[in-house]
Amino acid sequence: MPQKTLLLVSVGSPPASLLRDLQDPLATLMGVQSVVAKAALPSPAYAFNKDRSQYHCNAIMRRLSPMLEPGQTAVMGITDVDLFVPDSPFVFGEADRESRTAVVSLFRLRQGADGDPLRRRVQVEAVHQAGHLLGLSYCEDPRCVMFFAQTPQDTDRKQLSLCNVCRNELQKLNR
């Protein structure tokens, strides 16, 4: 089976080291090789919704999609802006399997965290979104990386690993 490759793209100005910090967990937990894009996207002013003072995930994901190169399975943007989808007050990230794009934001994950705790939160959410790109659904186990986190503390409770049910599901999907 060919190796799955995820392109990581900086959107705005998240710390460059953070993108590199995602590579090991993505490889270890999801079996996905990730490469950091040479080109970054600027701050996504085009996605800003002035009524909400937030940035629309789908608009950012539409800009990420054309960055995919032959041989790359999917693309994930890492940003520092506050994200939303219409039916939620905010999201930590979003993934669309059909377009093979995802985006993760540090904005709300920063609450009460810096350094290693923030890095871990971003790793957890990036692995979570990669799981969706690979076909995994939300999990009911609050310790599983595929659990739907609604607060930064939910993310802290999640392990940087899949529960047995999700691990088995991923193995089936990879066959």
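This is a predicted model: local features need pLDDT of at least 70, side-chain atom pairs count only at pLDDT 80 or more; totals for chains, interfaces and linings use all residues.
**Exercise 1.** Describe the largest pocket by its volume, its central residues and the elements that line it.

Solution. 
- Step 1, volume. The largest pocket holds about 290 Å³ of space.
- Step 2, residues. Its lining is made of 18 residues, and those nearest the centre are Val91, Gly93, Tyr138, Phe148 and Ala149.
- Step 3, elements. Two or more lining residues come from each of β7 (93-96) and α4 (115-133). The biggest contribution is that of α4, with 4 residues.
- The lining of the largest pocket splits into 10 nonpolar, 6 polar and 2 charged residues.

**Exercise 2.** Classify the geometry of the aromatic pair Tyr138 and Phe148, and place its two residues in the chain.

Solution. 
- Step 1, search. The whole structure contains 3 aromatic pairs.
- Step 2, distance. The ring centres of Tyr138 and Phe148 are 5.1 Å apart, and rings pair if their centres lie within 6.5 Å.
- Step 3, angle. The ring planes of Tyr138 and Phe148 stand at 70 degrees, so the pair is edge-to-face; the cut-off for this class is over 60 degrees.
- Step 4, position. Tyr138 and Phe148 each lie in the loop between α4 and α5 (152-157), so their contact ties together parts 10 residues apart in sequence.
- Step 5, link to Exercise 1. Tyr138 and Phe148 are among the lining residues nearest the centre of the largest pocket.

**Exercise 3.** Are Tyr138 and Phe148 buried, partly exposed or exposed?

Solution. 
- Step 1, cut-offs. Buried means under 20% relative accessible area and exposed means over 50%.
- Step 2, Tyr138. Its relative accessible area is 49%, so Tyr138 is partly exposed.
- Step 3, Phe148. With a relative accessible area of 36%, Phe148 is also partly exposed.

**Exercise 4.** Which residue lies over the face of Tyr46, and at what distance from the ring centre?

Solution. 
- Step 1, residue. Arg63 lies over the face of Tyr46.
- Step 2, distance. Arg63 is 3.8 Å from the ring centre of Tyr46, and the cut-off is within 6 Å.

Terms used
Residues are numbered from 1 along each chain as its sequence is written. Side-chain values use heavy atoms; hydrogens and water are left out. On a 1 Å grid over the protein atoms alone, a cavity is a set of points where a 1.4 Å probe fits but cannot get out, and a pocket is an open set with protein on both sides within 12 Å along at least five of seven lines; lining residues have an atom within 4 Å of a point. Grid points are joined across faces, edges and corners, and a volume is the space filled by probe spheres set on the points. Ala, Val, Leu, Ile, Met, Phe, Trp, Tyr, Cys and Pro count as nonpolar, Asp, Glu, Lys and Arg as charged, and the others, Gly among them, as polar. Rings of Phe, Tyr and Trp (its six-membered ring) pair if their centres lie within 6.5 Å; planes under 30 degrees apart count as stacked, over 60 as edge-to-face and the rest as tilted. Buried means under 20% relative accessible area, exposed over 50%, partly exposed in between (1.4 Å probe, protein chains only). A charge sits over a ring if NZ of Lys or CZ of Arg is within 6 Å of the ring centre and within 35 degrees of the ring normal.
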